[in-house]
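Open the model in your viewer and keep the selection tool at hand. The stops below go from strands to helices to the chain contact.

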Amino acid sequence: MKRTGFLFDKRYMLHDTGPEHPETPDRLKAAYEGVEKAGLLPKLTLIPACRAEERWVKTVHAEGHIRRFEEACLCGYGEFSHPDNQICSETFDVAMLAVGGIIETAKLVMEGKLDNAFCAVRPPGHHAEPNKAMGFCYFNNVAIAAKYLQMEWGIKKIGIVDFDVHHGNGTQHIFERDSTVYFYSIHEHPSFSYPGSGREFERGSDEGYGYTLNSPVLPGQGDKEYMEIIERDLAPAFDTFKPEVILVSAGFDAHIDDDMSYIKLSTQGFSWIMKRIVEMADKHSKGRVISILEGGYSLERLPELIKNHIQILLGM
Amino acid sequence: MFIDASMTRDVVSIDPDASILEAKELLKKHRIHHLPVVDKDNTLLGIVTDRDILRALPSAFLNDEEVQRDTERFARHKIKDIMSRNVYTVSPTNTLEDALLLMEKVPVGAFPVVDQHGKLQGIISIRDLMRAFINVLGIHEPGTLLCILAEDKLGTMKRIVDAISEERIAFGSILVARHWEEGTRAVFPYLLSHNVAHVKRKLEKLGFKLLNPMEWYLDRLPKND
(Lines give C-alpha, C1' and ligand atoms only; values in the text may rest on other atoms or scores of the structure.)
Protein backbone atom coordinates (compact mmCIF):
# COMPACT_ATOMS: atom_id res chain seq x y z
CA MET A 1 0.00 0.00 0.00
CA LYS A 2 1.21 3.50 -0.79
CA ARG A 3 1.70 6.36 1.65
CA THR A 4 -1.15 8.61 0.59
CA GLY A 5 -1.81 12.06 1.99
CA PHE A 6 -5.32 13.45 2.46
CA LEU A 7 -5.63 17.22 2.64
CA PHE A 8 -8.88 18.20 4.29
CA ASP A 9 -9.84 21.02 6.60
CA LYS A 10 -13.22 21.95 8.07
CA ARG A 11 -12.41 25.58 7.32
CA TYR A 12 -12.78 24.84 3.59
CA MET A 13 -16.50 24.62 4.30
CA LEU A 14 -16.62 28.25 5.49
CA HIS A 15 -16.70 29.51 1.89
CA ASP A 16 -20.41 30.18 1.61
CA THR A 17 -21.82 30.40 -1.93
CA GLY A 18 -25.42 31.10 -0.94
CA PRO A 19 -28.62 29.15 -1.53
CA GLU A 20 -28.75 28.71 -5.30
CA HIS A 21 -25.24 27.56 -6.05
CA PRO A 22 -23.99 24.06 -6.79
CA GLU A 23 -20.49 24.57 -5.33
CA THR A 24 -21.55 24.03 -1.71
CA PRO A 25 -19.73 23.10 1.50
CA ASP A 26 -21.85 19.92 1.54
CA ARG A 27 -19.69 18.59 -1.29
CA LEU A 28 -16.72 18.36 1.05
CA LYS A 29 -18.87 16.92 3.80
CA ALA A 30 -20.00 14.21 1.39
CA ALA A 31 -16.43 13.57 0.26
CA TYR A 32 -15.16 13.28 3.82
CA GLU A 33 -17.98 10.96 4.86
CA GLY A 34 -17.26 8.69 1.94
CA VAL A 35 -13.66 8.33 3.06
CA GLU A 36 -14.53 7.98 6.73
CA LYS A 37 -17.31 5.40 6.31
CA ALA A 38 -15.03 3.22 4.21
CA GLY A 39 -12.56 3.11 7.08
CA LEU A 40 -9.85 4.80 5.04
CA LEU A 41 -8.84 7.55 7.44
CA PRO A 42 -6.41 5.42 9.49
CA LYS A 43 -4.65 4.41 6.25
CA LEU A 44 -4.07 8.02 5.20
CA THR A 45 -1.74 10.76 6.35
CA LEU A 46 -4.04 13.63 7.25
CA ILE A 47 -2.65 16.99 6.18
CA PRO A 48 -4.00 20.10 7.89
CA ALA A 49 -4.38 23.26 5.90
CA CYS A 50 -2.22 26.30 6.48
CA ARG A 51 -2.36 29.73 4.92
CA ALA A 52 -0.25 30.14 1.78
CA GLU A 53 2.47 32.71 1.55
CA GLU A 54 1.29 35.31 -0.92
CA ARG A 55 4.51 35.01 -2.92
CA TRP A 56 3.30 31.61 -4.17
CA VAL A 57 -0.07 32.99 -5.24
CA LYS A 58 1.84 35.72 -7.08
CA THR A 59 3.67 33.17 -9.23
CA VAL A 60 0.39 32.87 -11.11
CA HIS A 61 -1.89 35.77 -10.23
CA ALA A 62 -1.57 39.51 -10.67
CA GLU A 63 -1.25 41.62 -7.54
CA GLY A 64 -4.36 43.54 -8.60
CA HIS A 65 -6.43 40.38 -8.74
CA ILE A 66 -5.32 39.31 -5.27
CA ARG A 67 -6.03 42.69 -3.75
CA ARG A 68 -9.43 43.08 -5.44
CA PHE A 69 -10.45 39.60 -4.33
CA GLU A 70 -9.38 40.30 -0.77
CA GLU A 71 -11.16 43.62 -0.74
CA ALA A 72 -14.39 42.21 -2.16
CA CYS A 73 -14.50 39.73 0.71
CA LEU A 74 -13.58 42.33 3.36
CA CYS A 75 -16.24 44.71 2.06
CA GLY A 76 -18.87 42.03 2.36
CA TYR A 77 -19.71 41.79 -1.33
CA GLY A 78 -21.78 38.79 -2.36
CA GLU A 79 -20.00 38.11 -5.63
CA PHE A 80 -16.65 38.80 -7.27
CA SER A 81 -16.50 39.89 -10.91
CA HIS A 82 -19.45 37.70 -12.01
CA PRO A 83 -22.56 36.24 -10.32
CA ASP A 84 -21.04 32.78 -10.82
CA ASN A 85 -18.39 33.67 -8.25
CA GLN A 86 -20.39 33.90 -5.04
CA ILE A 87 -18.30 34.93 -2.05
CA CYS A 88 -18.67 35.59 1.65
CA SER A 89 -16.35 37.37 4.07
CA GLU A 90 -14.34 34.15 4.64
CA THR A 91 -13.79 33.26 1.00
CA PHE A 92 -10.41 34.93 0.56
CA ASP A 93 -9.02 33.25 3.66
CA VAL A 94 -10.40 29.88 2.57
CA ALA A 95 -8.82 30.28 -0.86
CA MET A 96 -5.46 31.08 0.78
CA LEU A 97 -5.87 28.00 2.97
CA ALA A 98 -6.56 25.86 -0.07
CA VAL A 99 -3.39 27.02 -1.80
CA GLY A 100 -1.38 26.70 1.40
CA GLY A 101 -2.63 23.19 2.10
CA ILE A 102 -1.78 22.09 -1.41
CA ILE A 103 1.72 23.53 -1.16
CA GLU A 104 2.23 21.72 2.16
CA THR A 105 1.04 18.53 0.47
CA ALA A 106 3.45 19.00 -2.41
CA LYS A 107 6.26 19.59 0.07
CA LEU A 108 5.53 16.33 1.86
CA VAL A 109 5.53 14.42 -1.42
CA MET A 110 8.82 15.98 -2.52
CA GLU A 111 10.40 15.32 0.88
CA GLY A 112 9.60 11.67 0.30
CA LYS A 113 7.24 11.48 3.26
CA LEU A 114 4.31 10.69 0.96
CA ASP A 115 4.04 8.79 -2.31
CA ASN A 116 0.95 10.63 -3.48
CA ALA A 117 -1.98 12.66 -2.17
CA PHE A 118 -5.55 13.85 -2.63
CA CYS A 119 -6.45 17.43 -1.74
CA ALA A 120 -10.14 17.86 -0.86
CA VAL A 121 -10.26 21.62 -1.24
CA ARG A 122 -12.67 24.41 -1.93
CA PRO A 123 -12.91 26.69 -3.81
CA PRO A 124 -11.90 24.94 -7.05
CA GLY A 125 -9.23 26.53 -9.26
CA HIS A 126 -8.91 25.44 -12.87
CA HIS A 127 -11.07 28.21 -14.41
CA ALA A 128 -9.18 30.97 -12.56
CA GLU A 129 -7.07 33.13 -14.88
CA PRO A 130 -4.08 35.20 -13.74
CA ASN A 131 -6.21 38.31 -13.55
CA LYS A 132 -9.75 37.01 -13.34
CA ALA A 133 -11.97 34.87 -11.17
CA MET A 134 -14.27 32.65 -13.21
CA GLY A 135 -16.54 29.64 -12.99
CA PHE A 136 -16.51 29.42 -9.16
CA CYS A 137 -12.69 29.63 -9.13
CA TYR A 138 -10.51 32.37 -7.61
CA PHE A 139 -6.95 31.07 -7.35
CA ASN A 140 -5.68 28.43 -9.74
CA ASN A 141 -4.66 25.82 -7.17
CA VAL A 142 -3.11 23.38 -9.62
CA ALA A 143 -1.13 26.05 -11.47
CA ILE A 144 0.30 27.44 -8.24
CA ALA A 145 1.26 23.90 -7.17
CA ALA A 146 3.10 23.43 -10.45
CA LYS A 147 5.00 26.69 -10.02
CA TYR A 148 5.88 25.76 -6.44
CA LEU A 149 7.25 22.38 -7.50
CA GLN A 150 9.37 23.96 -10.22
CA MET A 151 10.67 26.94 -8.27
CA GLU A 152 11.15 25.38 -4.85
CA TRP A 153 12.07 21.84 -5.82
CA GLY A 154 13.66 22.30 -9.22
CA ILE A 155 11.21 19.97 -10.95
CA LYS A 156 11.69 20.49 -14.65
CA LYS A 157 8.74 18.73 -16.23
CA ILE A 158 5.22 18.65 -14.85
CA GLY A 159 2.25 16.89 -16.38
CA ILE A 160 -1.23 18.19 -15.58
CA VAL A 161 -4.26 16.00 -16.27
CA ASP A 162 -7.60 17.77 -15.97
CA PHE A 163 -10.53 15.36 -16.17
CA ASP A 164 -13.13 17.76 -14.78
CA VAL A 165 -15.95 17.82 -17.34
CA HIS A 166 -15.29 21.52 -18.02
CA HIS A 167 -12.21 22.72 -19.85
CA GLY A 168 -9.46 24.03 -17.57
CA ASN A 169 -9.13 27.34 -19.39
CA GLY A 170 -7.19 29.04 -16.60
CA THR A 171 -4.57 26.34 -16.32
CA GLN A 172 -4.23 26.15 -20.09
CA HIS A 173 -3.65 29.90 -20.44
CA ILE A 174 -1.16 30.02 -17.61
CA PHE A 175 1.04 27.37 -19.25
CA GLU A 176 0.15 28.10 -22.89
CA ARG A 177 3.66 29.26 -23.80
CA ASP A 178 5.41 26.91 -21.42
CA SER A 179 7.09 23.77 -22.71
CA THR A 180 7.95 22.56 -19.20
CA VAL A 181 4.36 22.00 -18.14
CA TYR A 182 2.25 19.68 -20.29
CA PHE A 183 -1.42 20.53 -19.95
CA TYR A 184 -3.95 17.83 -20.89
CA SER A 185 -7.70 18.30 -20.54
CA ILE A 186 -10.56 15.94 -21.40
CA HIS A 187 -13.93 17.66 -21.19
CA GLU A 188 -17.36 18.06 -22.70
CA HIS A 189 -17.17 19.64 -26.14
CA PRO A 190 -16.88 23.43 -25.82
CA SER A 191 -19.76 24.07 -28.21
CA PHE A 192 -22.05 22.55 -25.59
CA SER A 193 -20.36 23.30 -22.32
CA TYR A 194 -18.85 26.03 -20.17
CA PRO A 195 -16.44 27.73 -20.68
CA GLY A 196 -16.56 27.23 -24.45
CA SER A 197 -12.83 26.67 -24.89
CA GLY A 198 -10.60 23.60 -25.17
CA ARG A 199 -10.93 22.76 -28.84
CA GLU A 200 -8.70 20.22 -30.57
CA PHE A 201 -6.80 22.88 -32.44
CA GLU A 202 -5.68 24.58 -29.19
CA ARG A 203 -2.17 23.17 -28.87
CA GLY A 204 -0.31 25.95 -27.06
CA SER A 205 1.79 28.69 -28.64
CA ASP A 206 5.38 29.81 -29.12
CA GLU A 207 7.74 27.57 -27.10
CA GLY A 208 4.69 25.91 -25.59
CA TYR A 209 3.32 24.69 -28.90
CA GLY A 210 2.68 20.95 -28.62
CA TYR A 211 2.58 21.00 -24.82
CA THR A 212 -1.16 21.58 -24.58
CA LEU A 213 -3.62 18.89 -25.63
CA ASN A 214 -7.39 19.00 -25.50
CA SER A 215 -9.80 16.10 -25.97
CA PRO A 216 -13.40 17.32 -26.38
CA VAL A 217 -16.09 14.69 -25.75
CA LEU A 218 -19.55 14.98 -27.28
CA PRO A 219 -22.64 15.22 -25.03
CA GLY A 220 -24.09 11.81 -24.26
CA GLN A 221 -20.77 9.99 -24.50
CA GLY A 222 -19.17 8.15 -21.58
CA ASP A 223 -16.90 5.32 -20.48
CA LYS A 224 -16.12 3.81 -23.86
CA GLU A 225 -15.13 7.13 -25.41
CA TYR A 226 -13.14 8.27 -22.38
CA MET A 227 -11.12 5.07 -22.39
CA GLU A 228 -10.42 5.24 -26.11
CA ILE A 229 -9.49 8.90 -25.97
CA ILE A 230 -7.15 8.61 -23.01
CA GLU A 231 -5.30 5.71 -24.62
CA ARG A 232 -5.16 7.51 -27.94
CA ASP A 233 -4.30 11.03 -26.71
CA LEU A 234 -2.91 11.17 -23.18
CA ALA A 235 -0.88 7.98 -22.86
CA PRO A 236 1.39 8.57 -25.89
CA ALA A 237 1.75 12.25 -24.97
CA PHE A 238 3.08 11.41 -21.52
CA ASP A 239 5.21 8.56 -22.91
CA THR A 240 7.00 11.23 -24.92
CA PHE A 241 6.95 14.06 -22.39
CA LYS A 242 7.84 11.93 -19.36
CA PRO A 243 6.58 14.20 -16.58
CA GLU A 244 8.51 14.12 -13.30
CA VAL A 245 5.35 14.81 -11.28
CA ILE A 246 1.71 14.48 -12.31
CA LEU A 247 -0.84 16.95 -11.00
CA VAL A 248 -4.49 16.03 -11.43
CA SER A 249 -7.36 18.50 -11.63
CA ALA A 250 -9.86 15.96 -10.33
CA GLY A 251 -13.39 17.04 -11.13
CA PHE A 252 -16.18 14.52 -10.78
CA ASP A 253 -18.86 16.33 -12.77
CA ALA A 254 -18.58 14.07 -15.81
CA HIS A 255 -20.64 11.56 -13.86
CA ILE A 256 -23.92 10.47 -15.45
CA ASP A 257 -25.77 11.58 -12.30
CA ASP A 258 -24.16 15.01 -12.18
CA ASP A 259 -26.37 17.55 -13.89
CA MET A 260 -23.56 19.97 -14.72
CA SER A 261 -22.99 18.23 -18.05
CA TYR A 262 -24.48 15.75 -20.51
CA ILE A 263 -21.52 13.38 -20.21
CA LYS A 264 -22.36 9.89 -18.97
CA LEU A 265 -19.23 8.66 -17.25
CA SER A 266 -19.92 5.89 -14.71
CA THR A 267 -18.39 5.41 -11.28
CA GLN A 268 -16.30 2.58 -12.76
CA GLY A 269 -15.26 4.90 -15.57
CA PHE A 270 -13.75 7.33 -13.08
CA SER A 271 -11.87 4.48 -11.44
CA TRP A 272 -10.46 3.39 -14.77
CA ILE A 273 -9.21 6.90 -15.50
CA MET A 274 -7.46 7.31 -12.15
CA LYS A 275 -5.90 3.85 -12.32
CA ARG A 276 -4.50 4.76 -15.71
CA ILE A 277 -3.08 8.03 -14.39
CA VAL A 278 -1.46 6.26 -11.45
CA GLU A 279 0.08 3.78 -13.92
CA MET A 280 1.53 6.67 -15.91
CA ALA A 281 2.91 8.21 -12.72
CA ASP A 282 4.48 4.89 -11.72
CA LYS A 283 6.05 4.65 -15.16
CA HIS A 284 7.38 8.21 -15.51
CA SER A 285 7.14 10.11 -12.24
CA LYS A 286 8.30 7.72 -9.53
CA GLY A 287 4.63 7.39 -8.64
CA ARG A 288 4.34 11.06 -7.67
CA VAL A 289 0.72 12.11 -8.19
CA ILE A 290 -0.99 15.00 -6.44
CA SER A 291 -4.70 15.04 -7.11
CA ILE A 292 -6.67 18.20 -6.37
CA LEU A 293 -10.44 18.45 -6.23
CA GLU A 294 -12.10 20.69 -8.82
CA GLY A 295 -15.81 20.24 -9.63
CA GLY A 296 -18.24 17.40 -8.94
CA TYR A 297 -21.67 18.34 -7.69
CA SER A 298 -23.68 15.18 -7.07
CA LEU A 299 -23.90 14.85 -3.29
CA GLU A 300 -25.20 11.30 -3.78
CA ARG A 301 -22.24 10.14 -5.84
CA LEU A 302 -19.35 12.08 -4.35
CA PRO A 303 -18.83 9.81 -1.31
CA GLU A 304 -18.25 6.73 -3.44
CA LEU A 305 -16.31 8.58 -6.12
CA ILE A 306 -13.86 10.11 -3.65
CA LYS A 307 -13.54 6.84 -1.75
CA ASN A 308 -12.67 4.97 -4.95
CA HIS A 309 -10.27 7.73 -6.00
CA ILE A 310 -8.38 7.51 -2.73
CA GLN A 311 -8.33 3.71 -2.74
CA ILE A 312 -6.66 3.85 -6.13
CA LEU A 313 -4.03 6.27 -4.79
CA LEU A 314 -3.46 3.93 -1.86
CA GLY A 315 -2.99 1.10 -4.33
CA MET A 316 -5.77 -0.98 -2.77
CA MET B 1 -25.08 45.41 -37.21
CA PHE B 2 -23.75 47.90 -39.71
CA ILE B 3 -20.86 47.43 -42.08
CA ASP B 4 -19.36 50.62 -40.74
CA ALA B 5 -18.58 48.86 -37.46
CA SER B 6 -16.95 45.75 -38.90
CA MET B 7 -15.14 46.96 -42.00
CA THR B 8 -11.41 47.54 -42.26
CA ARG B 9 -10.86 51.27 -42.42
CA ASP B 10 -7.17 51.50 -43.39
CA VAL B 11 -7.85 50.00 -46.75
CA VAL B 12 -4.83 49.53 -49.02
CA SER B 13 -5.64 50.88 -52.45
CA ILE B 14 -3.78 51.59 -55.68
CA ASP B 15 -3.62 54.10 -58.49
CA PRO B 16 -4.91 53.00 -61.95
CA ASP B 17 -1.60 53.95 -63.55
CA ALA B 18 0.52 51.94 -61.14
CA SER B 19 2.31 48.88 -62.54
CA ILE B 20 1.25 45.31 -62.01
CA LEU B 21 4.46 44.63 -60.13
CA GLU B 22 3.67 47.40 -57.64
CA ALA B 23 0.29 45.81 -57.07
CA LYS B 24 1.91 42.43 -56.50
CA GLU B 25 4.24 43.93 -53.93
CA LEU B 26 1.37 45.63 -52.10
CA LEU B 27 -0.64 42.42 -51.88
CA LYS B 28 2.37 40.56 -50.55
CA LYS B 29 3.40 43.25 -48.07
CA HIS B 30 -0.04 43.66 -46.52
CA ARG B 31 -1.06 40.02 -46.92
CA ILE B 32 -4.30 40.87 -48.66
CA HIS B 33 -6.08 39.50 -51.69
CA HIS B 34 -8.10 42.45 -52.92
CA LEU B 35 -6.84 45.86 -53.99
CA PRO B 36 -9.41 48.60 -54.70
CA VAL B 37 -8.31 50.99 -57.46
CA VAL B 38 -8.95 54.66 -56.74
CA ASP B 39 -8.22 58.00 -58.38
CA LYS B 40 -6.60 60.96 -56.68
CA ASP B 41 -9.91 61.94 -55.08
CA ASN B 42 -10.32 58.49 -53.62
CA THR B 43 -13.17 57.65 -56.00
CA LEU B 44 -13.45 53.93 -56.58
CA LEU B 45 -12.63 53.01 -60.18
CA GLY B 46 -12.27 49.26 -60.03
CA ILE B 47 -10.72 46.38 -58.17
CA VAL B 48 -7.76 44.08 -58.70
CA THR B 49 -7.41 40.71 -57.02
CA ASP B 50 -4.45 38.43 -56.53
CA ARG B 51 -5.91 36.14 -59.15
CA ASP B 52 -5.92 38.97 -61.71
CA ILE B 53 -2.25 39.54 -60.96
CA LEU B 54 -1.31 35.89 -61.16
CA ARG B 55 -3.05 35.63 -64.51
CA ALA B 56 -1.08 38.61 -65.79
CA LEU B 57 2.35 37.43 -64.76
CA PRO B 58 4.50 34.65 -66.21
CA SER B 59 3.98 30.99 -65.50
CA ALA B 60 5.69 29.34 -62.56
CA PHE B 61 7.06 26.76 -65.00
CA LEU B 62 9.32 29.13 -66.91
CA ASN B 63 13.06 29.14 -66.20
CA ASP B 64 14.82 32.03 -64.49
CA GLU B 65 15.92 33.78 -67.62
CA GLU B 66 12.50 33.60 -69.24
CA VAL B 67 10.89 34.79 -66.05
CA GLN B 68 13.24 37.74 -65.83
CA ARG B 69 12.56 38.80 -69.43
CA ASP B 70 8.81 38.31 -69.29
CA THR B 71 8.36 39.93 -65.90
CA GLU B 72 10.01 43.09 -67.09
CA ARG B 73 7.74 43.13 -70.10
CA PHE B 74 4.54 42.61 -68.17
CA ALA B 75 5.56 44.91 -65.40
CA ARG B 76 5.18 47.83 -67.74
CA HIS B 77 1.46 47.19 -68.01
CA LYS B 78 -0.78 49.21 -65.82
CA ILE B 79 -3.36 48.24 -63.29
CA LYS B 80 -6.13 49.81 -65.33
CA ASP B 81 -5.47 47.17 -68.01
CA ILE B 82 -6.31 44.25 -65.76
CA MET B 83 -8.69 45.62 -63.15
CA SER B 84 -12.41 44.81 -63.02
CA ARG B 85 -14.51 47.88 -63.44
CA ASN B 86 -17.75 46.23 -62.46
CA VAL B 87 -17.25 46.08 -58.74
CA TYR B 88 -19.70 44.79 -56.18
CA THR B 89 -19.74 47.39 -53.42
CA VAL B 90 -21.61 48.07 -50.21
CA SER B 91 -22.16 51.25 -48.23
CA PRO B 92 -21.18 51.90 -44.60
CA THR B 93 -24.86 51.99 -43.67
CA ASN B 94 -25.68 48.64 -45.20
CA THR B 95 -26.07 45.92 -42.61
CA LEU B 96 -23.94 42.85 -42.01
CA GLU B 97 -26.81 40.72 -43.28
CA ASP B 98 -26.75 42.66 -46.54
CA ALA B 99 -23.07 41.82 -46.95
CA LEU B 100 -23.59 38.22 -45.95
CA LEU B 101 -26.46 37.60 -48.36
CA LEU B 102 -24.70 39.42 -51.19
CA MET B 103 -21.57 37.38 -50.63
CA GLU B 104 -23.67 34.23 -50.80
CA LYS B 105 -24.94 35.29 -54.22
CA VAL B 106 -21.81 36.61 -55.91
CA PRO B 107 -18.42 34.94 -56.33
CA VAL B 108 -16.26 37.49 -54.51
CA GLY B 109 -14.38 37.46 -51.20
CA ALA B 110 -14.52 41.13 -50.30
CA PHE B 111 -16.54 44.27 -50.98
CA PRO B 112 -15.09 47.76 -51.12
CA VAL B 113 -17.20 50.04 -48.94
CA VAL B 114 -18.10 53.31 -50.69
CA ASP B 115 -20.14 56.29 -49.56
CA GLN B 116 -22.88 58.01 -51.56
CA HIS B 117 -20.21 59.97 -53.48
CA GLY B 118 -18.45 56.84 -54.58
CA LYS B 119 -15.49 57.48 -52.29
CA LEU B 120 -13.72 54.50 -50.80
CA GLN B 121 -14.32 54.31 -47.02
CA GLY B 122 -13.09 50.82 -46.28
CA ILE B 123 -13.30 47.20 -47.27
CA ILE B 124 -15.19 44.25 -45.82
CA SER B 125 -14.00 40.72 -46.44
CA ILE B 126 -15.36 37.32 -45.65
CA ARG B 127 -12.99 37.22 -42.64
CA ASP B 128 -14.46 40.46 -41.29
CA LEU B 129 -17.94 38.97 -41.63
CA MET B 130 -16.84 35.83 -39.86
CA ARG B 131 -15.46 37.84 -36.95
CA ALA B 132 -18.66 39.86 -36.73
CA PHE B 133 -20.82 36.75 -36.55
CA ILE B 134 -18.58 35.10 -33.99
CA ASN B 135 -19.31 38.19 -31.88
CA VAL B 136 -23.03 37.87 -32.59
CA LEU B 137 -23.00 34.25 -31.49
CA GLY B 138 -21.15 35.30 -28.36
CA ILE B 139 -18.93 32.24 -28.51
CA HIS B 140 -15.74 34.04 -27.53
CA GLU B 141 -17.23 34.45 -24.07
CA PRO B 142 -17.47 31.64 -21.55
CA GLY B 143 -20.95 30.20 -21.35
CA THR B 144 -23.27 27.19 -21.43
CA LEU B 145 -25.57 26.17 -24.26
CA LEU B 146 -29.11 25.09 -23.48
CA CYS B 147 -31.49 23.34 -25.84
CA ILE B 148 -35.18 23.97 -25.19
CA LEU B 149 -38.09 22.49 -27.09
CA ALA B 150 -40.78 25.12 -27.17
CA GLU B 151 -44.26 25.44 -28.55
CA ASP B 152 -44.39 27.57 -31.66
CA LYS B 153 -46.80 29.99 -30.03
CA LEU B 154 -46.83 33.71 -29.50
CA GLY B 155 -45.23 34.62 -26.18
CA THR B 156 -43.16 31.47 -25.81
CA MET B 157 -39.85 33.20 -26.45
CA LYS B 158 -40.73 35.92 -23.97
CA ARG B 159 -41.44 33.35 -21.26
CA ILE B 160 -38.09 31.69 -21.86
CA VAL B 161 -36.16 34.95 -21.87
CA ASP B 162 -38.00 36.24 -18.78
CA ALA B 163 -37.42 33.02 -16.87
CA ILE B 164 -33.70 33.23 -17.55
CA SER B 165 -33.34 36.99 -17.04
CA GLU B 166 -35.04 36.75 -13.63
CA GLU B 167 -32.09 34.65 -12.51
CA ARG B 168 -29.76 37.52 -13.48
CA ILE B 169 -28.06 35.46 -16.15
CA ALA B 170 -26.78 37.24 -19.24
CA PHE B 171 -27.33 35.98 -22.76
CA GLY B 172 -24.49 35.56 -25.24
CA SER B 173 -27.02 34.79 -27.97
CA ILE B 174 -30.21 32.88 -28.69
CA LEU B 175 -30.57 30.79 -31.79
CA VAL B 176 -33.84 29.32 -32.96
CA ALA B 177 -33.96 26.23 -35.14
CA ARG B 178 -37.00 26.49 -37.30
CA HIS B 179 -39.25 23.72 -38.67
CA TRP B 180 -38.29 21.32 -35.89
CA GLU B 181 -41.57 19.49 -35.71
CA GLU B 182 -45.04 20.68 -36.47
CA GLY B 183 -45.83 23.25 -33.83
CA THR B 184 -42.49 23.25 -32.01
CA ARG B 185 -39.16 25.03 -32.26
CA ALA B 186 -35.77 24.21 -30.80
CA VAL B 187 -34.42 27.25 -28.96
CA PHE B 188 -30.70 27.41 -28.10
CA PRO B 189 -29.88 30.10 -25.55
CA TYR B 190 -26.14 30.55 -25.01
CA LEU B 191 -25.93 31.72 -21.40
CA LEU B 192 -22.89 33.54 -20.05
CA SER B 193 -22.75 31.54 -16.86
CA HIS B 194 -21.41 28.33 -15.38
CA ASN B 195 -24.27 28.14 -12.90
CA VAL B 196 -27.29 27.18 -15.00
CA ALA B 197 -28.51 23.97 -13.35
CA HIS B 198 -31.17 25.85 -11.36
CA VAL B 199 -32.31 27.68 -14.51
CA LYS B 200 -32.80 24.36 -16.28
CA ARG B 201 -34.87 23.05 -13.38
CA LYS B 202 -36.93 26.24 -13.39
CA LEU B 203 -37.63 25.95 -17.13
CA GLU B 204 -38.66 22.34 -16.68
CA LYS B 205 -41.06 23.33 -13.90
CA LEU B 206 -42.55 25.89 -16.28
CA GLY B 207 -43.32 23.07 -18.69
CA PHE B 208 -40.45 23.38 -21.14
CA LYS B 209 -38.65 20.29 -22.31
CA LEU B 210 -34.88 20.52 -22.10
CA LEU B 211 -32.86 18.41 -24.45
CA ASN B 212 -29.30 17.30 -24.57
CA PRO B 213 -28.21 19.24 -27.69
CA MET B 214 -26.69 16.08 -29.16
CA GLU B 215 -30.04 14.27 -28.98
CA TRP B 216 -31.52 17.02 -31.08
CA TYR B 217 -28.63 16.91 -33.52
CA LEU B 218 -28.53 13.12 -33.82
CA ASP B 219 -32.24 13.03 -34.34
CA ARG B 220 -31.83 15.36 -37.30
CA LEU B 221 -29.20 13.22 -39.04
CA PRO B 222 -30.46 11.05 -41.91
CA LYS B 223 -31.23 7.58 -40.66
CA ASN B 224 -29.33 4.64 -42.18
CA ASP B 225 -31.80 1.91 -43.12
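Select strand E4 (residues 158–162) and strand E7 (residues 245–250) of chain A: five bridges join them, and they run parallel. Strands and helices here are DSSP runs, numbered from the N terminus: E of at least two residues for strands, H or I of at least four for helices. Two strands pair if DSSP finds at least two bridges between them. Now pick A:Ile158; its bridge partner in E7(A) is A:Val245.

This is a predicted model: local features need pLDDT of at least 70, side-chain atom pairs count only at pLDDT 80 or more, and totals for chains, interfaces and linings use all residues. Residues are numbered from 1 along each chain as its sequence is written, while chains are lettered from A and ligands numbered from 1 in the order in which they are written.

Next, show the whole sheet. Eight strands of chain A form an open sheet with parallel pairing, in the order E2-E1-E3-E8-E7-E4-E5-E6. Go to its edges: strand E2 (45–47) and strand E6 (212–217) of chain A each pair on one side only. On average, neighbouring strands are turned by 15 degrees against each other, direction ignored.

Angles run from 0 to 180 degrees between N-to-C directions, and axes are lines fitted to C-alpha atoms, for helices over the stretch in contact.

Now H8(A). H8(A) lies across E4, E7 and E8 of chain A, at about 165 degrees to E7(A). Bring in H7: the axes of helix H7 (residues 223–241) and helix H8 (residues 267–284) of chain A come within 10 Å and cross at roughly 10 degrees. That makes H7(A) roughly parallel to H8(A) (angles under 35 degrees count as such). Residues are in contact if their C-beta atoms, placed from the backbone, lie within 7 Å. Select A:Tyr226, A:Ile230 and A:Phe238 of H7(A), with A:Trp272, A:Ile273 and A:Met280 of H8(A); these are among the residues that make the contact.

Last, colour by chain. How many residues does each chain bring to the contact? Chain B gives 15 residues and chain A gives 20 residues. On chain B, strand E5 (144–145), helix H9 (197–205) and helix H10 (213–220) each give two or more residues. H10(B) gives the most, with three residues.

How values were computed. Contact = placed C-beta atoms within 7 Å. Parallel < 35°, antiparallel > 145°, perpendicular 65-115°, else oblique.
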